[in-house]
Amino acid sequence: MKLKMLVLSLVTAVPLLFLSGCEMVVFQPQGPVARSIMELINWSLMWMLLVVVVVFGLFGYIVWKYREKPENMGYEPPEEHGSTVLEIVWTAIPILIVIALTIPTVTTLYDLEDVPAGYEEKEPVVIHVTSADWKWIFSYPEEGIETINYVNIPEDTPVLFKLTSAGTMQSFWVPALGGQKYSMNKMETELYLVADNPGSYMGRNTNFNGRGYAQMEFEVLSQTDEEYDAWVKEVKETAPKLTEEKYMELLKPTHLGRLTYSNTHLAWINHADHDSELVTDPEDYRYHGYQGKIFDQEDKKSNEKDTTDVENNEEDHGGDHSGH
Amino acid sequence: MEVTIVGIKWDEILITGDPIILGSQIAILLTSLGIIGGLTYLKKWKWLWREWITTVDHKRIGIMYIVAAVLMFFRGGMDGLMMKAQTARPEMSILDSQHYNEVFTAHGVIMILFMAMPFLIGLMNVVIPLQIGARDVAFPQLNALSFWLFFSGAMLFNIAFVVGGAPDAGWTSYFPLAGKEFSPGIGNNYYAISLQIAGLGTLMTGINFIVTILKMRTKGMTLMRMPMFTWTTLITSVIIVAAFPIFTVALALMTFDRLYGTHFFTVAAGGSDMLWANLFWLWGHPEVYIVILPAFGMFSEIISTFSRKQLYGYKSMVVSIVAIAVLSMLVWVHHFYTMGSGALVNSFFSITTMMIAVPTGVKMFNWLFTMRKGRIKMTTAMLWSLAFVPNFVIGGVTGVMLAMGAADYQYHNTLFLVAHFHYVLIPGVVFAVFAGLYYWWPKMFGFMLNEKLGKWHFWLFVIGFNVTFMPMFFLGLNGAVRRAYTYSAESGFAPLFMLSAVGSVILAAGFAVFCYNIYWSIRYADRNISSDPWDARTLEWATSSPVQHYNFAKLPEVKSLDAFWYMKKNNEGITLKDEEIEEIHMPSNSGLPFLMCVAFGIVGFFLIFEWHLLAAVSTVLIIAGLIYRSFDYNDGYHIHKDEIRKTESTWKKMEGKVNNHVS
Amino acid sequence: MSANVNTSLPLEYQTEQSRMNILGFWIFLGAEIVLFATLFSVYGVLYKNYAGGPTHQDIFMMKEVMIQTVLLLTSSFTMGVAIWEMRRNNKKGLIGWFILTLLLGAGFLFMEINEFIHYIHEGATMQTSAFLSSLFVLLGTHGAHVTFGIFWATMVIIQIAKRGLTPVTARKTFIIGLYWHFLDVVWIFIFTFVYLKGMVL
Ligand code: HEM
Ligand SMILES: [Cu+2]
Ligand SMILES: [Cu+2]
């Protein structure tokens with residue numbers, strides 16, 4: 001009795017949740033990349049639902065029919081070893097399902113490596129993304145501007161994000177526009193995204209990287225071409241210049257609000273380069289508990305330690321929100 | 001203020017300044033004092049030492065594993081509840097981010113390595129020698145050492161949050177975050193050292209069970225007549241031997257990086273963080289099959305017993321566990337499709353991963369068809385096994401969805417993933433150990449757990465589990481990520497997080513009923529029960545409950561699968577004739593494994609605090625233990641016929657007048 | 001468990017417990033293979049990451065390595081002779097060859113330590129680069145195994161001297177034999193993939 005109830009409630013609860021799920025960001029793609037992934041997900045959902053229905057149905061039927069009741073206490077089940085035909089059937093069908101899922105998975109995997117279909121003609125905007133603890137740095141080498149914790153892109157134009165990290169490993173994710181990819185120090189990974197329309201989309205880090213991880217978000221603002229050009233122009237004219245010293249300051253483990261500069265840090269360091277220097281300082285990461293030995297690289301000794309800064313970091317550990 | 005004497009910063013050793021931790025410190029102190037006081041008052045020290053600490057009896061070692069695992073479940077569960085409380089509402093501040101990080105790290109490590117694995121290894125210890133008709137495992141003293149090394153590692157890991165600082169880089173401990181460059185505190189040393197110690201114990205368990213199962217099966221038990229739990233234990237042990245050395249190396253390199261400044265996984269000087277991710281998951285994915293396969297075996301036994309039918313498709317069950325074991329070594333990259341290894345690599349690993357669904361599906365259908373045409377008795381143990389089927393299917397289908405590399409770009413590191421692996425681990429492992437505990441409890445202790453409380457435990461836990469984790473699928477698809485200690489009110493996540501938190505309270509209530517059930521049953525349960533209360537099918541039920549320390553007066557002879565069932569049916573091999581009684585040779589107890597536990601604990605502790613000189617000096621303790629062992633020629637002792645005669649006639653006499661509690 | 005002795009088998013295989021120990025040790029060696037395979041893969045991933053530090057050619061001393069190799073290979077041979085003497089029930093011969101084996105092992109170890117000291121003098125330490133980290137740990141793990149083997153074997157020699165050749169001491173000796181040959185095989189891989197390949201590239 002109870003068992004039937006459980007099965008029933010499960011069976012009804014899931015579609016209900018699904019209905020409410022139509023609002024979920026993964027199912028509301030705002031660009032071709034996210035859309036192709038959603039199509040793949042929907043295709044898999046259909047098959048998986050089929051599996052669930054079949055197995056749940058069979059399960060409910062068997063358990064209900066063959067449960068022990070006062071009437072059948074005398075029933076002694078037959079001896080049964082198996083059935084080759086059935087075994088073949090339930091090996092073959094899953095194999096077919098796996099094949100049905102594999103084909104679109106592989107094609108999508110290959111498609112996602114390239115400019116989305118239909119946008120090959122347009123010259124992509126290249127944006128270098130540098131993730132640091134706990135902020136996102138966006139450099140536009142063509143335009144010569146740099147933004148922190150927000151990124152503006154033109155609508156309907158492929159954007160090539162070149163990802164790297166100033167230290168720990170992060171994962172760059174804008175769910176409304178597409179899937180995610182890791183950013184790692186001394187390495188460059190690439191990700192194409194396109195936004196169909198103007199709009200503001202949440203982006204964030206999904207790969208845990210310490211105390212400030214929860215707030216490591218950024219905004220993607222998709223604009224019309226005119227708006228975008230105007231914005232670039234305005235930044236170039238009004239935003240301050242970033243100095244190397246200031247940049248090193250930015251890389252310390254802190255939360256920053258939005259910042260904008262009219263040049264890029266790529267002029268003096270690209271963290272994706274294999275022989276780029278690690279510029280973070282372990283001292284900045286000291287926190288509570290017993291402290292162990294730090295092994296400094298000789299060449300990095302020049303970094304002076306600024307005690308006031310360490311204290312600042314400790315204050316915002318549980319931290320306030322980055323500004324947006 | 002800094003207090004540094006002989007290079008040790010005394011004032012930093014204990015974590016101070018946090019009320020939750022202060023409370024825990026006091027609670028730990030009081031509990032320890034209580035235990036010590038209680039043992040002294042009841043004069044139980046000698047008993048504890050003789051009967052438990054020095055035991056080499058596989059059944060007692062199994063019970064100690066299970067007790068430790070239940071305690072660890074409690075600790076890990078409390079961590080889970082703390083996380084659920086913290087995220088119940090947006091912008092809560094029960095835990096700050098640092099504590100949340102420490103808590104989910106502890107939760108993950110404890111649940112997998114100190115709860116799931118020991119629980120299963122405990123049940124394996126209790127059951128396997130009995131199932132194959134043996135008197136102990138192949139290397140009883142090594143078995144005790146395995147347990148004590150696990151215990152040493154577990155205790156070291158558990159003190160981290162009050163002494164020195166807890167690891168906070170997640171149970172995966174990804175570099176470079178977990179390295180000295182970004183985590184200079186000693187917290188993550190705890191991870192490297194204590195898991196190393198516990199892992200050595202696990203490796204020895206693997207070797208021990210392979211030899212036991214290959215060499216000590218009773219007469220007539222061919223490989224294809226082994227019970228399914230024995231089969232899964234064998235294959236699990238093989239995976240342990242194949243996978244744990246990888247973890248041993250990974251942890252050793254982590255130790256070198258953190259303690260001695262090498263550059264395996266660092267950012268600087270040519271290290272590679274991706275190397276850690278690969279090594280970790282080369283062990284980590286097989287590890288999840290190490291915990292799932294024995295659980296599959298237990299479900300097989302229980303479903304067959306309570307359907308009163310032989311396991312359907314026995315051969316294909318064996319083939320599928322072997323297939324799963326092989327595939328489990330070929331899928332590790334699915335944990336980081338997003339690393340950018342290219343479409344070809346991701347395609348390959350998508351396919352291998354999805355292929356695991358095929359043998360798993362075969363097993364599912366075999367379980368269903370075992371029940372078909374059966375007579376399904378709804379005992380608590382069976383209810384857990386039944387609930388496993390639909391819940392695990394949800395875990396399985398979401399697993400296939402995650403396996404599809406391109407789709408994973410949207411699920412990776414979100415709560416969708418967290419929901420998925422809890423849907424695999426909780427129905428797959430936790431339901432299994434509960435089922436196994438209710439099922440084998442009478443074998444271990446000679447009385448049953450209360451079935452009525454058992455059903456409360458079951459319903460609360462299963463409902464609570466679904467309410468907790470079902471919402472997380474949807475949160476994940478809506479952009480909520482894992483390991484985030486809070487979220488903003490604008491995100492719109494609040495209602496589902498709240499629902500999930502409510503679920504975890506129901507879940508906890510279920511666990512509380514379970515604890516109460518143990519208490520109630522110890523006090524009040526009927527001791528006068530049959531040695532075969534479930535009318536079961538395998539050899540562990542052919543002897544007394546609780547099992548006499550030599551297991552079988554005469555080793556049973558096996559003629560078919562489900563040996564005991566046919567022994568009962570054909571009424572052969574059950575009675576014991578007087579002239580069949582022979583002296584039995586048994587291994588002696590030994591205090592050495594426990595002393596090694598202490599020695600490893602001390603060395604480990606010093607290494608964690610980077611007190612290298614102290615560590616080096618105390619390594620002498622370990623060496624002394626090894627030398628002692630090498631010169632130890634204690635050959636065990638013999639049990640005399642009279643004693644066997646007496647023991648056997650006592651329990652057989654009891655059998656005639658037992659109360660039946662099940663039908 | 002039971003002490004039934006089958007005297008038709010070689011001494012070390014006569015009791016069931018011995019047979020189980022030997023099988024258990026084979027499985028342990030399986031685990032050791034995985035362990036060294038992992039270390040080799042780590043080395044394979046990191047061996048070109050010099051990070052501006054010394055390279056293979058800068059530090060390797062091929063003549064010394066050749067001598068090490070000869071010492072270890074010979075010790076594997078003498079270990080074989082020792083086991084052969086054991087099979088002939090010649091306690092004296094066994095102990096003699098056994099000790100010779102350990103001396104050769106100690107010679108190997110002495111040279112390896114010298115090699116390490118030389119590297120450190122050259123400024124090539126474990127902390128210098130990922131390449132050197134993986135080199136030191138791979139060689140060091142092998143060296144630590146040899147060291148452990150020497151101590152362990154010494155224990156067993158004492159036991160043979162005290163108790164003579166019994167099923168137990170024979171089994172212990174045989175197991176050390178397996179261990180020793182295994183270390184030899186590992187060294188052959190190190191020699192090929194670390195030293196030879198390092199010098200050629
Ligand atoms: C008993 C109830 C349980 C509750 C309430 C619970 C809850 C949670 C929560 C809230 C998280 C963290 C989510 C996040 O913020 O990322 C988590 C993570 C995790 N849980 Fe559980 N869990 C439970 C049982 C288990 C069991 C039985 C296992 C394993 C056998 C397990 C293994 C894990 C692992 C491996 C993680 C990942 C830790 C990490 O991110 O490093 N949990 N759990
Ligand atoms: Cu990388
Ligand atoms: Cu996996």
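Colleague: How many salt bridges does the rule find across the interface of chain C and chain B?

Modeller: This is a predicted model, and in it the contact takes 37 residues from chain C and 38 residues from chain B. A salt bridge here needs a side-chain nitrogen of Lys or Arg within 4 Å of a carboxyl oxygen of Asp or Glu. By that rule, the number of salt bridges across the interface of chain C and chain B is zero.

Colleague: How many residue pairs are in polar contact between chain C and chain B?

Modeller: Chain C and chain B bury about 3,100 Å² between them, with 76% of it on carbon and sulfur atoms. For the polar contacts, both residues of a pair must be at pLDDT 80 or more, and the count between the two chains is nine.

Colleague: Which helix of chain C supplies the largest share of the side of chain C that touches chain B?

Modeller: Three helices of chain C, namely helix 1 (16-46), helix 5 (130-163) and helix 6 (167-200), each supply at least two residues of the side that touches chain B. By class, that side of chain C has 20 nonpolar, 12 polar and five charged residues. The largest share, 17 residues, comes from helix 1 of chain C.

Colleague: What area is buried between domain 1 of chain B and domain 2 of chain B?

Modeller: Chain B is divided into domain 1 (56-307) and domain 2 (375-534), and 19 Å separate the centres of these two domains, taken over C-alpha atoms. In the contact, 46 residues of domain 1 of chain B meet 48 residues of domain 2 of chain B. Carbon and sulfur atoms give 78% of the buried area, which comes to about 3,900 Å².

Colleague: Which residues in domain 1 of chain B lose the most area to domain 2 of chain B?

Modeller: The side of domain 1 of chain B that touches domain 2 of chain B divides into 31 nonpolar, 10 polar and five charged residues. Together, the three residues that lose the most area account for 20% of what that side buries, and they are Lys84(B), Phe299(B) and Phe306(B).

Colleague: Which helix gives the most residues to the side of domain 1 of chain B that touches domain 2 of chain B?

Modeller: Between these two domains of chain B the count of salt bridges is zero, while the rule finds 10 residue pairs in polar contact, both residues being at pLDDT 80 or more. On the side of domain 1, the elements that give two or more residues are helix 4 (58-86), helix 5 (97-131) and helix 9 (273-307) of chain B. With 14 residues, the one that gives the most is helix 5 of chain B.

Colleague: From which domains of chain B does the shell around ligand 1 draw at least three residues each?

Modeller: Ligand 1 is surrounded by 21 residues, the closest being Tyr100(B), His107(B), Trp171(B), His422(B) and Arg483(B). Helix 4, helix 5 and helix 15 (415-445) of chain B each supply at least two residues of this shell, and the largest share, seven residues, comes from helix 5 of chain B. The shell draws at least three residues from each of domain 1 (56-307) and domain 2 (375-534) of chain B.

Colleague: Which residue has a polar side-chain atom 2.8 Å from a nitrogen atom of ligand 1?

Modeller: An oxygen atom of ligand 1 is 2.6 Å from an N or O atom in the side chain of Tyr100(B), and an oxygen atom of the ligand is 2.8 Å from a polar backbone atom of Trp171(B). For the nitrogen atom of ligand 1, the residue whose polar side-chain atom lies at 2.8 Å is His422(B).

Key:
Residues are numbered from 1 along each chain as its sequence is written. Chains are lettered from A and ligands numbered from 1 in the order in which they are written. This is a predicted model: local features need pLDDT of at least 70, side-chain atom pairs count only at pLDDT 80 or more; totals for chains, interfaces and linings use all residues. Side-chain values use heavy atoms; hydrogens and water are left out. Contact means heavy atoms within 4.5 Å. Buried area is the accessible area (1.4 Å probe) that two parts lose on being put together, summed over both. A polar contact is a pair of N or O atoms within 3.5 Å; within protein, one must be able to donate a hydrogen and the other to accept it, and residues adjacent in sequence count only if both atoms are side-chain atoms. Helices (H or I, at least four residues) and strands (E, at least two) are DSSP runs, numbered from the N terminus. Ala, Val, Leu, Ile, Met, Phe, Trp, Tyr, Cys and Pro count as nonpolar, Asp, Glu, Lys and Arg as charged, and the others, Gly among them, as polar. Domain bounds come from an automatic or database domain assignment. A residue is near a molecule or strand if one of its heavy atoms lies within 4 Å of it.
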